[in-house]
Amino acid sequence: MTISQRRRTGPAGTGTSTDDPAAAEAVFLDATVRLLEPLGVRPGETVVEVGPGAGSATVALAHAVGELGCVYAVDVDATMLDVTVATARAAGVADRIRLVLHDLEEGVPPLPGPVDAVWSSWCVHHARDWDAAARALVGMLRPGGRICLAEGGLPSRCLPWDVGIGRPGLEVRLDEAHDRHFTQWFFGRPGATRPNRGWNEILHSAGLTDITAFSVLVDIPAPLSERARDVVLAELAARVRRAQPFLAEDDAATWSHLLDPDDAAWLGHRGDLALLTARTGFSGRKPDA
């Protein structure tokens, strides 16, 4: 395996949402597999994954392409590529993976040639210019190649409306504060361009046809398994950390109680935590030459 392009500097694990991305990917794996279905990956094909995370989808794609196929894992974060290859090695498919260290904002990754399919999940929305990023995705495809882009969906719902401390509706207000955080971060970068339209139109403008949108439900009711509970708590903690400057003072205090394992109100003590959300995919095809 090789890593193309230069290694970049930056905080380790900058592609992660929590400290254990593999655990989160395991909880969402069924939904991820369903989102991959429109790609219709076949044995012997060459596929690109942009933003592989901990590598769960990479492994699924490697199984789909078989021994004669190839999966290029593209990421700007060398640490996440290391995690991806470790996951692939544990699954026995590392020989089918090629690592490419590349920033999609610099255009089409340096690949040997056009590929059959491109997959990316919850990654491209970090680009300053979504249209340019979409053109880079399409630029990797051969004529007739396919793309599946998982972006958007619905916010997660994990808590009851009233958790017993603080004001009811706590999770809804966290969504609003987190959205303000993302908006400030997104437009706080030089060159950030307002998207002003949906992913289906962005992909159409980038050159795709036969575009369809579909959503996959993630419904894990209470009581959660220990694994799912730990992921829910980690994701809530990560969202609270990011949204902290935009939370009302009383809400910040409530979250401090709820996320503290030494507090009587710790969410880990509850049996009514759940995980309900939806993830949306957009699939399309590059026209035949």
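Analyst: We may begin with strand S7, in which aspartate 210 is found. Please bear in mind that the model is predicted.

User: What is the phi of aspartate 210?

Analyst: Its phi is near 50°, which is a positive value in a residue other than glycine.

User: Which loop holds asparagine 196, and is this residue buried or exposed?

Analyst: Asparagine 196 sits in the loop between H6 and helix H7 (199–205). Although asparagine 196 is not a glycine, its phi is positive, at about 55°. Exposure is assigned over 50% relative accessible area; asparagine 196 has 64% relative accessibility and therefore counts as exposed.

User: Where does proline 223 lie, and is the peptide bond from alanine 222 to it cis or trans?

Analyst: Proline 223 belongs to the loop between strand S7 (209–220) and helix H8 (226–243). The bond that joins alanine 222 to proline 223 is cis, its omega being near -5°.

User: At what angle do helices H6 and H9 pack?

Analyst: Angles of 65 to 115 degrees count as roughly perpendicular. Helix H6 (residues 170–187) packs against helix H9 (residues 249–258) at about 115°, and their axes are 11 Å apart. H6 is therefore roughly perpendicular to H9. The crossing of H6 past H9 is left-handed.

User: Which residues make that contact?

Analyst: H6 contributes Leu170, Glu171, Arg173 and Leu174, while H9 contributes Asp251, Thr254, Trp255 and Leu258. Sorted by class, the contact of H6 with H9 comprises four nonpolar residues, three charged and one polar.

Key: Residues numbered from 1 in each chain as written. Predicted model: local features only at pLDDT ≥ 70, side-chain atom pairs only at ≥ 80, totals over all residues. Heavy atoms only, no water. Axes fitted to C-alpha atoms, helices over the stretch in contact; angles between N-to-C directions. Helix = DSSP H or I, 4+ residues; strand = E, 2+ residues; numbered from the N terminus. Parallel < 35°, antiparallel > 145°, perpendicular 65-115°, else oblique. Left-handed = near helix turned anticlockwise from the far one by under 90°. Contact = heavy atoms within 4.5 Å. Nonpolar A, V, L, I, M, F, W, Y, C, P; charged D, E, K, R; others polar. Buried < 20%, exposed > 50% of the residue type's maximum accessible area, 1.4 Å probe, protein only.
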